[in-house]
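Subject: The structure to look at

Hi,

Here is the structure I promised to pass on to you. Please open it beside this email and follow along as you read.

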Amino acid sequence: MRSNETLIRDIKRCTVCIDSLPFGANPTIQMSETSRILIAGQAPGKRVHESGIPFDDPSGDRLREWLGVSKEIFYDPDCFAIVPMGFCYPGTGKTGDLPPKPACAATWRESVLASLSNVELTLVIGQYAMAYHLPQPRKNLTEVVSQWEDYWPEVLPLPHPSPRNNRWLKRNPWFQETVIPRLRQRVTDVLAHN
């Protein structure tokens, strides 16, 4: 198995999908051998592609609010591994960003997950990460998130924190009222071991 540093370096140099990426390759990942919480997301957006910093956008602001952590803690790889299903911005389609490129997960995901042996909590964000990380049968996002206790306390499925999901959050107030306080407490408990 490659060392964590070697794996990150190899991912940052990856060009597997470059021919299908509208703005070229700029793999975005954060992790350490001692990461305690894994954020399994979808793919970086255009703003993150430009900055090279995961969740450097309004989605990240909301996610940090949900977690109850500062930017300093969030961007500490000993605390958080941020590993999207696709490491590069896939471009935009008719209804938003395109799905992550499947070759990315096929090429890297198994090695990345094997290198994260200290993870105590995995946050699975969005349908593409759910399809990979959660057991069958597949359900719609609301059903999966509403059954969060089936995966708890090691895994928590979450809707994407994008402002595009404001309507979903308004239609599902139980998420903010019930899930978020439990998530914050779990994050606090896991990071206390760091």
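First, some background. This is a predicted model, in which local features need pLDDT of at least 70 and side-chain atom pairs count only at pLDDT 80 or more, while totals for chains, interfaces and linings use all residues. Residues are numbered from 1 along each chain as its sequence is written, and side-chain values use heavy atoms, with hydrogens and water left out.

**The pocket and the cavity**

Both were found on a 1 Å grid over the protein atoms alone: a cavity is a set of points where a 1.4 Å probe fits but cannot get out, whereas a pocket is an open set with protein on both sides within 12 Å along at least five of seven lines. Lining residues have an atom within 4 Å of a point. Grid points are joined across faces, edges and corners, and a volume is the space filled by probe spheres set on the points.

The largest pocket holds about 1100 Å³ of space. It is lined by 40 residues, and Gln42, Asp97, His160, Ser162 and Arg164 are the closest to its centre. Among the elements that give two or more residues to this lining are helices H2 (46-51) and H3. (Helices, H or I with at least four residues, and strands, E with at least two, are DSSP runs numbered from the N terminus.) The pocket lining has 18 nonpolar, 14 polar and eight charged residues. Here Ala, Val, Leu, Ile, Met, Phe, Trp, Tyr, Cys and Pro count as nonpolar, Asp, Glu, Lys and Arg as charged, and the others, Gly among them, as polar.

Of its 14 lining residues, Cys14, Cys17, Leu21, Cys88 and Cys104 are the closest to the centre. This lining is made up of 11 nonpolar, two polar and one charged.

Buried means under 20% relative accessible area, exposed over 50%, and partly exposed in between (1.4 Å probe, protein chains only). In helix H1 (residues 4-12), Asn4, Leu7, Asp10 and Ile11 are buried. They sit on the same side of H1, because they cover an arc of only 130° around the axis. (The arc is that of the directions from the helix axis to the C-beta atoms.) Helix H5 (102-115) is included in what covers them.

Which residues are buried in helix H3 (residues 58-67)? They are Ser59, Gly60, Leu63, Arg64, Trp66 and Leu67. These fall within an arc of 155°, so they line one face of H3. Gly68, with a positive phi near 75°, follows this helix.

**Salt bridges**

The whole structure has four salt bridges (a side-chain nitrogen of Lys or Arg within 4 Å of a carboxyl oxygen of Asp or Glu). In one of them, Arg64 pairs with Asp61, with the closest N and O atoms 2.8 Å apart. Both residues belong to H3 and are three residues apart, about one turn of the helix. Arg64 is buried at 5% relative accessibility, whereas Asp61 is partly exposed at 44%.

Another salt bridge joins Asp10 and Arg9 (3.0 Å, N to O). Asp10 is buried at 18%, and Arg9 is partly exposed at 37%.

Happy exploring!

Definitions and conventions. Contact means heavy atoms within 4.5 Å.
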